Amino acid sequence: MRSLIIFASLFILGSLSFFACDRSATGAGPVKAEDPVFRLLKKEQTGLDFVNQLRQSSEFNVFNYMYFFNGGGLAAGDFNQDGLVDLYFTSNMGPNKLFLNEGNLKFKDVTDAAKVAGMEGWTSGATIVDINNDGMLDIYVSQMGEYKTINGRNQLFVCKEVVDGIPHFEDEAIPYGLDLAGFATQATFFDYDLDGDLDMYQLNHSLHANGTFGQKATFVGTQHPTSGDKLMRNDGDTFTEVTMAAGINSTVIGYGLGVATADVNLDGWPDIYIANDFHENDYLYLNQKDGTFKEVLTEQIQHTSRFSMGVDIADINNDAQPDIVTLDMLPEDPYILKTSLAEDSYEVFQFKLRYGYNQQFSRNNLQLNNGNGTFSEIGLYAGVEATDWSWAPLFFDFENDGYRDLFISNGIPRRMNDIDYINFRENSELRWKGNTDNLEEEDLVMVDSMPRIKVANKFYRNAHNLRFTDLGKQIDGALVTYSTAAIYADLDNDGDLDVVVNNQEDEPYVYQNLSVDKGAAGDFIHLEFAGTPQNRHGIGATVVAYKGQETLLVQHFPTRGYLAAVPLGVYLGVGEQAQVDSVLVIWPDQTYQRYTDLAFNTLQTVTWSANLPRFDFQRLHLPKTAPYQFTDQTAAVRLNFRHDENPYVDFDREALMPNMVSAEGPAVAVGDVNGDGLDDVFLGAAKRDTSHLFLQLPNGTFRDATPAVFAESALLEDVDARWADLDNDGDLDLVVANGGNEFRGNNPARLQRGYRNDGRGNLTLDLEMFPNSYLTASVTAVADYDGDGWQDVFFGARAEPWHYGQPPRSLLYHNNGNGTFTEVGAQAAPALAKVGMVTDGQWADIDQDGDLDLVLSLEWGNIELLLNDGGQFQAQPAAQQESWWNTLLVHDFDQDGDLDILAGSYGENSKLTPTPEEPLRLYTNDFDRNEQEEHILTYYLDGKEYAFATYAELTKQLTYLKKKYLHARDFARASLDDLFGKDQLAAAQVLRVTSLSHTYFENTGGLKFVAHRLPDRLQFSTVNTLAAVDLDGDGRQEVLVGGNFDECNIEMGRYDASYGQVLRLENGNWKDYPLGELSIVGKVKAIVPIQINGQPHFVIGRNDAAVEVIRQEK
């Protein structure tokens, strides 16, 4: 029998060697940097002789504990009170170690003397606290308990004395009631109830075996004894659990990996952010000031990381608003990216949404605090979205220039999301053994089938414009490894912050900051706090530095990142000290002191005293004196309409198209239908819903006056509409553009339609108004292009069903002079047959020759001008900037006498960053010769062109690839020619995109357009609609902007960072402004001006949401 086992093991080893991969993403040797910002120091230089070494057994291993490779913790503080920062490392399975700082970045192991090695079992995070307020730092360590053979409990190492420079500790977790047992991750101490003492939040995690799948609502109000988080209130001599009473989620689906405390909404009360792994939402708890919290994440944040790990909170743009970063595991390296599991399929993604979970995407998220209870996620825009298997984010100022930079630790010893490993495990006995806890020692060799790929830690410099620059080439001696917990601290007291990481299967790394040594560092403020008797170190204090137009803010919460705690006190780089006007210290009790004479570049102690003045936290909020203030008037005017998008999924039919084109509505058209002098509203519905007509009443409210004839067209999807007098009888008729992309050919559902008005607001459907108008439309535009006094009609074609990327035929209908129409595109505008995928269109005399031209925005094309020459149209691009254009607006914005163009695209907050040199391309061909064409979207990574689609997507659609590339690793190495065939690619139709930036095309005369990129915040999301209006009565047109888009390939995420904006041209530059306190959430497809009760309003059409009506408040 033993010989059979040995034979089987050898066979498995041979097989696994075929699957396993041991490599590094950026090379194994140390990197020599020419202009280093940091230098890596190893144990030979630092004395940090410590390794977090893991040992698997059949009883406890990665198969029955999936967080086996999540790493150990790290806490920093001056434990022996000698003025130098010391380091405490936790080991998952071995002894923890305490190293005292001896100066000059040298450390000494004093673990045994200090008695802080900890218990056997499984250890994770560590944090610091002065639990008894005696001035000496204590250490709180999170342990796993009550699982398998592990029966640990959290430990509280209380410092009793410092003898001969060595601190001595005793475990007092039991008397304090903090000997918690469970799946502990990390703890943080903070005064949540502002009673003066420090309470504690214990973050725990879960396992799939705990029964963690199901509808989210079924877990609400439940508590799990070992996986649920715990809130412990400090009652003096002991701590009392108040989790459920305080409104904290403590369910089995809490896969907590990161915790951060901060006053997120700047009301003087500390809040909590929890980063949850897997399907459970992250939590954003806002303090309700009564001992409870309210979880508001889905109210304020549109999407999060999917596998959220570490978290940090800090202000990155000096507006005093705390921003949030969470980490995930999106690879940067193209090979790792293509061999790793990707996002869920579209079907699974939607299934999770229906089960109550929020939008989540597997990438780092940077949530920019808008200061009004909303966040815009801009990780892609900032350039920090893909750092591989990432753990600890730390915001701190590398060079004391006054802006927070970002450090990220990375790496895992076994890559459990490797596609080849997963496929191998799914098809082996190992899966059954692992799921049923029947593993034997011999089975653990299969762990080696998981690739081992070391990666670099990341240093990102803040570029002061919400962008970050990778400093990878400026880290001297950089090595790849598996790093988890990390801290920053000025280890050598030279005035800049160094970094320490706790590695797995390797020694700790110290990254020495060289900024001061090079003379490249700015000035800084370094404060320690002498707080109240119950919170001696002032945890929860806030420091504010006023510097010209900037407000620099730092909050004193040491637990941050992942499994770690930075030293007590605050360290704030300010750039040039002469620019700092004053500094405020706001104590946790909401009193404050103002300093104008603090010394810079040295450690100072600030001391709390009784009877200080209370701080008004409104001073930290963004100014409410924005030039434009809007309010929601929907309820007041009673315009009650909700657009419900029908559940059609374009990807089911054309799986490789990048974006769906079937969710374009609602149509919104405003006009006086019944001739009473009041504006009425047509609102177009999606398929199987009825569009509505609302008539305005004299009191400024609306009544539903939907004619019965509208129900006859419920099968159609109304995406655009216009009121116009088509038969010159003095009343407004209705033109409706039908889209949807579901039907093809001459299906009646693709007919465009018109309704005739009898003069009293009664509408009759005229089925013959636009003969043979079969198309999937995106827009209709009505104007008298030939000057005969009769209104003509253009219908823009969005796409050709079943043939995405092929140019559909748009239609131009000439008014015959009696209200009937003839399609004349072939004669008058032959370019319309092949102009491309039209998304918007506007009639305007762009060439100033006295007749109306047609200006079109195209997906996979330019802004196209169809110039009218006596009723004949010739096409030419406004400029060579191919994009996924969504919308346009033609107007003389600079008032120089010619017409300019504003154009909205997808923006720069995207995985796709095309340039003319490295464009997006769409190759369309029947690559598998099954008489149905496929679309291959490509983009550039590291200078090489790749297919954007994943291994799963491509092998499902092109089954020959599955046969050709049985393993994802081979697929990842293949070129485009290898995958699709050189001849097939050469024969394909090729479309391209050179920019996704929203752009202002300035007409400099003679139809010469100069492209100007629009402001940064506009680039955070798509721009879908633009409306010109003079908001301030100065005779110049401002522009209301609406955006956001969901229906894209899941790998792209979604575009949701826009809440509505106003654009204004000021001295030749466009400036953007919020809508005051109003935020418009969702996919805005139309903004249409309307007069209600004699005042200007705007109808906001949102896809798959209720229509809103807003009004500017003067």
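**A residue and its surroundings**

Guide: The side chain of Gln302 makes a polar contact with the side chain of Tyr1059, at 3.4 Å; a polar contact here is a pair of N or O atoms within 3.5 Å, where within protein one must be able to donate a hydrogen and the other to accept it, and residues adjacent in sequence count only if both atoms are side-chain atoms. Please keep in mind that this is a predicted model, in which local features need pLDDT of at least 70 and side-chain atom pairs count only at pLDDT 80 or more, while totals for chains, interfaces and linings use all residues. Residues are numbered from 1 along each chain as its sequence is written, and side-chain values use heavy atoms, with hydrogens and water left out.

Visitor: Where is Gln302 found, and is Gln302 buried or exposed?

Guide: Gln302 is found in the loop between α5 (297-300) and β19 (304-305), with helices (H or I, at least four residues) and strands (E, at least two) taken as DSSP runs numbered from the N terminus. Its relative accessible area is 13%, so Gln302 is buried; buried means under 20% relative accessible area, exposed over 50% and partly exposed in between, with a 1.4 Å probe and protein chains only.

Visitor: What else is Gln302 in contact with?

Guide: Leaving aside neighbours within four places in sequence, Gln302 is in contact with Gln359, Arg1054, Asp1056, Tyr1059 and Val1081, where contact means heavy atoms within 4.5 Å.

Visitor: Now helix α9, how many of its residues are buried?

Guide: Helix α9 (residues 419-426) is mostly covered, as 6 of its 8 residues are buried, among them Ile419, Tyr421 and Phe424. At the start of α9, a side-chain oxygen of Asp418 reaches to within 3.2 Å of the backbone nitrogen of Asp420.

Visitor: How far apart are Asp418 and Ser340?

Guide: They are 78 residues apart in sequence and 4.6 Å apart in space, C-alpha to C-alpha. Ser340 is found in the loop between α6 (334-339) and α7 (346-354), and apart from residues up to four places away in sequence, it touches Pro331, Asn417 and Ile419.

Visitor: Zooming out, how many helices and strands are there?

Guide: The secondary structure of the chain comes to 17 helices and 74 strands, and buried residues make up 65% of the 1114 residues. Among contacts between residues at least 6 apart in sequence, 62% join residues at least 24 apart.

Visitor: What box does the chain fill?

Guide: The C-alpha atoms fill a box of roughly 105 × 80 × 55 Å, taken along the principal axes.
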